[in-house]
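The following explanation leads the reader through a structure, from its overall build to the contacts between its parts. Please keep the sequence and the model in view while reading.

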Amino acid sequence: MTTLEEHVVKASERYSSTYKSAGFRSPPTKHFTFVTCMDARIDTHAAFGLDIGDAHVIRNAGGSARDALRSIVISQQMMGTKEVAIIKHTHCGMDGLPNEKVHATVLKNLGIEAIGELKSRNLIDFLPESDGIIQGIKDDVQLLKSSSLIADDIEVTGWLYDLDSGTTTRVI
């Protein structure tokens, strides 16, 4: 058994022994969608005041709205969410990370075939925050507000989570 398998089996045994979330409806009760980074230092439910069933939380490298768009559409159109919060954070590994560095690392570690697959899957742009985190927040909010895939009555806001203090502050 791998380390991950062992971890999940033990966690499942502990969690399921006191599980109380059976019977929740699928649509989030607060009708919120959060897009944030996959960074393991962010406890989304605690930091954003969420309980199980309150909101959809979409996580990816850098908290990219462009990367999350498919899920945002499903969240709104199929599950009835009405607000989107883009929440990026301080000390993000995507801040200033050039695509070239990711490509070079993939080439070094996985070879030329992997680079070909990146190209064939249109994964050339890893969506780095080349203009800084604050500008990335503004750009993602603008992307969603200008998208025909997002209804006009959907509120889209942008936030910065500070890993040093634990505070979340509205940017836009």
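The paragraphs below begin with the chain as a whole, then turn to its domains and to selected residues.

This is a predicted model, in which local features need pLDDT of at least 70 and side-chain atom pairs count only at pLDDT 80 or more, while totals for chains, interfaces and linings use all residues. Residues are numbered from 1 along each chain as its sequence is written, and side-chain values use heavy atoms, with hydrogens and water left out.

The secondary structure of the chain comprises six helices and five strands; helices (H or I, at least four residues) and strands (E, at least two) are DSSP runs, numbered from the N terminus. Read from the N terminus, the order of elements is α-β-α-β-α-β-α-α-α-β-β. The C-alpha trace spans about 50 × 50 × 35 Å along its principal axes. Of the 172 residues, 34% count as buried, where buried means under 20% relative accessible area, exposed over 50%, and partly exposed in between (1.4 Å probe, protein chains only). Contact denotes heavy atoms within 4.5 Å. Among contacts between residues at least 6 apart in sequence, 65% join residues at least 24 apart.

The domain assignment divides the chain into domain 1 (27-94 + 129-171) and domain 2 (97-127), with bounds that come from an automatic or database domain assignment. The C-alpha centres of the two domains lie 26 Å apart. Six residues of domain 1 are in contact with four residues of domain 2. Between them the domains bury about 480 Å², 52% of it on carbon and sulfur atoms; buried area is the accessible area (1.4 Å probe) that two parts lose on being put together, summed over both. On the side of domain 1, Arg66, Met94 and Glu129 lose the most area to domain 2, together accounting for 73% of what that side buries.

Which side chains meet in a salt bridge at 3.4 Å, N to O? They are those of Arg66 and Asp125, a salt bridge being a side-chain nitrogen of Lys or Arg within 4 Å of a carboxyl oxygen of Asp or Glu. One salt bridge is found across the interface of domain 1 and domain 2, and the whole structure holds six. Because Arg66 lies in helix H3 (residues 65-77) and Asp125 in the loop between H5 and H6, the pair ties together parts that are 59 residues apart in sequence. Arg66 is partly exposed at 48% relative accessible area, and Asp125 is likewise partly exposed, at 35%.

A further salt bridge joins Lys88 and Glu129, with the closest N and O atoms 2.7 Å apart. Lys88 belongs to strand E3 (residues 83-89) and Glu129 to the loop between H5 and H6, 41 residues apart. Both Lys88 and Glu129 are buried. Together with Asp140, these two residues are linked in a network of salt bridges.

The loop between helix H5 (112-120) and helix H6 (133-146) also contains Phe126, which is partly exposed, with a relative accessible area of 28%. The backbone nitrogen of Phe126 is reached by the side chain of Asn99 at 2.6 Å. Asn99 lies in helix H4 (residues 99-110) and counts as buried at 17% relative accessibility. Residues up to four places away in sequence aside, Phe126 touches Met94, Asn99, Val102, His103 and Leu118.

Terms used:
A polar contact is a pair of N or O atoms within 3.5 Å; within protein, one must be able to donate a hydrogen and the other to accept it, and residues adjacent in sequence count only if both atoms are side-chain atoms.
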